[in-house]
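Welcome! Please have a look at the sequence and structure below before reading on.

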Amino acid sequence: MRLDILNRGYRPGTKLLFAVIRVFSGQPVPDAAKLVFYRPGFYGARAKEFTHEAMRGPSAWSVADRELMAAFVSKVNDSAFCVGAHTATAGQAYQDGAKVQAVLADLESAPVEEGLRATLRMLGQLTRAGKVGADDMRDVLAAGVSPGQVEDALAVCAAFNTTDRLADAFGFELLSPEGFEAGAKYLLKRGYR
Amino acid sequence: MPDEDKKRAAQRALVDSVLNGEGRASAELRARAFSNANVPPPLQALIAKVATRPAQVTDADFAAAKASGFSEDQLFELVISAAVGQSARLYEAGLAALAQATASEEAR
């Protein structure tokens, strides 16, 4: 990562934990996981709480749908690490990697329900332009999405607009396909806390 | 607490920590990075990119900030402030548009 403190500045107990994770998973600890261990009182503890709530808290959206939103927002932000991580996680959650790839390649022709498509379109517009209008929201609601679901999707969007920025600014190292799959398995089993 | 409020509360707690928590950069500077406004020149390129085009951040942006005396811990905080700030604005904009759309639905 671009800051040495994020590569080496951890407490001895945390370094030991990273070593244990490496041994048990057979994979390096992803930079996304390291970041939340650096001075967690400033960012990591509350970031994990918010991200977990958005991604795994109660919602009418499935975990798979929310992971797809995370991958989609990351694609709009051109955040390679997060696209890799959440494409793998959404693919495992749906047990359908092709569906996730289709959405990222072309949302309009992808085989997803209209409500999800309209929601992703709105999240893309918000992330790309930094704004969204009431008409955009009416389109989403008209596609059968409830206001509560829109709020939940906006929480996912907020969480990943933060993570994407940090991944690219701090320069998270990309993982191998096996590394992303191992990370996805962990995120589906344990979540973000 | 309804589920949406719980999400919102968790996001507000994150914003509060970044802006008002204990840090090595002053709260004032963190607030400027958060808003991507009135940022001192050596930090401008880095903070503006984090807010609006994060994929374009380079080593040189960090080097410029470090050369003018900012420590790694300060940059850690300021980059996070900028990222959390931009995301908070997107969240607010989305919720405001939703509130407007649902208010007009109800008025019909």
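Here is a short briefing, grouped by topic. The model is predicted. In it, chain A and chain B meet in a contact that takes 47 residues from chain A and 40 residues from chain B. The largest nonpolar core holds 86 residues, and helix 5 of chain B gives the most to this core, with 14 residues.

**The side of chain B that touches chain A**

- The contact between the chains draws 40 residues from chain B. Helix 1 (3–20), helix 4 (59–67) and helix 5 (72–107) of chain B each supply at least two residues of that side.
- Helix 5 of chain B provides the largest share, 22 residues.
- Sorted by class, this side of chain B has 22 nonpolar, ten polar and eight charged residues.

**The nonpolar core**

- Among the 86 residues of the largest nonpolar core, those touching the most other members are A:Met69, A:Phe72, A:Val156, A:Cys157 and B:Val79.
- As general background, nonpolar side chains tend to be buried together in soluble globular proteins.
- Leaving aside residues up to four places away in sequence, A:Phe72 touches A:Val103, A:Leu104, A:Leu120, A:Leu123 and A:Gly124.

**Helix 5 against helix 7 in chain A**

- Helix 5 (residues 63–76) and helix 7 (residues 97–105) of chain A pack at an angle of about 35°, and their axes are 10 Å apart. The crossing of these two helices of chain A is right-handed.
- Helix 5 of chain A brings A:Leu68, A:Ala71, A:Phe72 and A:Lys75 to the contact, while helix 7 of chain A brings A:Val100, A:Val103 and A:Leu104.
- By class, the residues of this contact are six nonpolar, no polar and one charged.

**Helix 8 of chain A**

- Helix 8 (residues 114–129) of chain A has 16 residues, so at 1.5 Å a residue it should span 22 Å; its end C-alpha atoms are 22 Å apart, which agrees.
- Buried residues in helix 8 of chain A are A:Leu116, A:Ala118, A:Thr119, A:Leu120, A:Met122, A:Leu123, A:Leu126 and A:Thr127.
- Just after helix 8 of chain A comes A:Gly130, with a positive phi of about 80°.

**B:Ala27 and its surroundings**

- B:Ala27 belongs to helix 2 (residues 27–35) of chain B. B:Ala27 counts as partly exposed because it has 15 C-beta neighbours inside 10 Å.
- Not counting residues up to four places away in sequence, B:Ala27 touches B:Leu19 and B:Asn20.

Terms used: Residues are numbered from 1 along each chain as its sequence is written. Chains are lettered from A and ligands numbered from 1 in the order in which they are written. This is a predicted model: local features need pLDDT of at least 70, side-chain atom pairs count only at pLDDT 80 or more; totals for chains, interfaces and linings use all residues. Helices (H or I, at least four residues) and strands (E, at least two) are DSSP runs, numbered from the N terminus. The expected span of a helix is 1.5 Å times one less than its number of residues. A residue is buried if 20 or more other C-beta atoms lie within 10 Å of its own, exposed if 12 or fewer, and partly exposed in between; C-beta atoms are placed from the backbone. Two residues are in contact if their C-beta atoms, placed from the backbone, lie within 7 Å. Ala, Val, Leu, Ile, Met, Phe, Trp, Tyr, Cys and Pro count as nonpolar, Asp, Glu, Lys and Arg as charged, and the others, Gly among them, as polar. Axes are lines fitted to C-alpha atoms, for helices over the stretch in contact, and angles run from 0 to 180 degrees between N-to-C directions. A crossing is left-handed if the near helix is turned anticlockwise from the far one by less than a right angle, and right-handed if clockwise. A nonpolar core is a set of buried Ala, Val, Leu, Ile, Met, Phe, Trp, Tyr and Cys residues joined through C-beta atoms within 7 Å.
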